[in-house]
Amino acid sequence: MDLLLGEDWGDRRELVLEGVVVAPGLRNLGIGRQLIGLLTREMAAAGIRTTHAVAEFGKVEFLLACGFELQASRPSALTLEVRPPRS
């Protein structure tokens, strides 16, 4: 069942992990790596073979360090800001 839309996806399952934040003083202790380890064990138990991630504010390094790979075929979030003309 899709958690957002409530649609039945058949044998496709969804596991959601949202909002991982590690305090600056606690970084480099392996907390994120342990969290990803727990995630992958739960995925294996649920029969989920692939997970996708979205990194905000350019913080993709954490996910890359945990084994995620950039997907060139995936869309990128872009912003175009139009500023008012100077007077």
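Tutor: A surface patch is made of residues with over 30% relative accessible area and no salt bridge, and nonpolar side chains are joined within 5 Å. Keep in mind that this model is predicted.

Student: Which residues make the nonpolar surface patch of about 270 Å²?
Tutor: Patch members need over 30% relative accessible area. Leucine 29 has 55%, so leucine 29 counts as exposed. The patch is made by Leu26, Leu29 and Ile31.

Student: Where is the place of leucine 29?
Tutor: Helix H1 covers 31-46. Leucine 29 sits in the segment before helix H1.

Student: How many residues make up the largest nonpolar core?
Tutor: In soluble globular proteins, nonpolar side chains tend to be buried together. Here the core holds Ile36, Leu39, Met43, Ile48, Leu63, Cys66 and Phe68. The total is seven residues.

Student: What does leucine 63 touch, not counting residues up to four places away in sequence?
Tutor: Leucine 63 belongs to the largest nonpolar core. Phe68 is in that core too. Leucine 63 touches Ala53, Ala55 and Phe68.

Student: Which side chain meets arginine 83 in a salt bridge?
Tutor: Side chains of opposite charge can pair when their charged atoms come close. The cut-off is 4 Å, and this pair lies at 3.9 Å, N to O. Both residues are exposed. The partner of arginine 83 is glutamate 81.

Definitions and conventions. Residues are numbered from 1 along each chain as its sequence is written. This is a predicted model: local features need pLDDT of at least 70, side-chain atom pairs count only at pLDDT 80 or more; totals for chains, interfaces and linings use all residues. Side-chain values use heavy atoms; hydrogens and water are left out. Patches are made of residues with over 30% relative accessible area and no salt bridge: like charges are joined within 9 Å, nonpolar side chains (Val, Leu, Ile, Met, Phe, Trp, Tyr) within 5 Å. Accessible areas come from the Shrake-Rupley method with a 1.4 Å probe; for residues, only the protein chains shown count as cover. Helices (H or I, at least four residues) and strands (E, at least two) are DSSP runs, numbered from the N terminus. Buried means under 20% relative accessible area, exposed over 50%, partly exposed in between (1.4 Å probe, protein chains only). A nonpolar core is a set of buried Ala, Val, Leu, Ile, Met, Phe, Trp, Tyr and Cys residues joined through side-chain atoms within 4.5 Å. Contact means heavy atoms within 4.5 Å.
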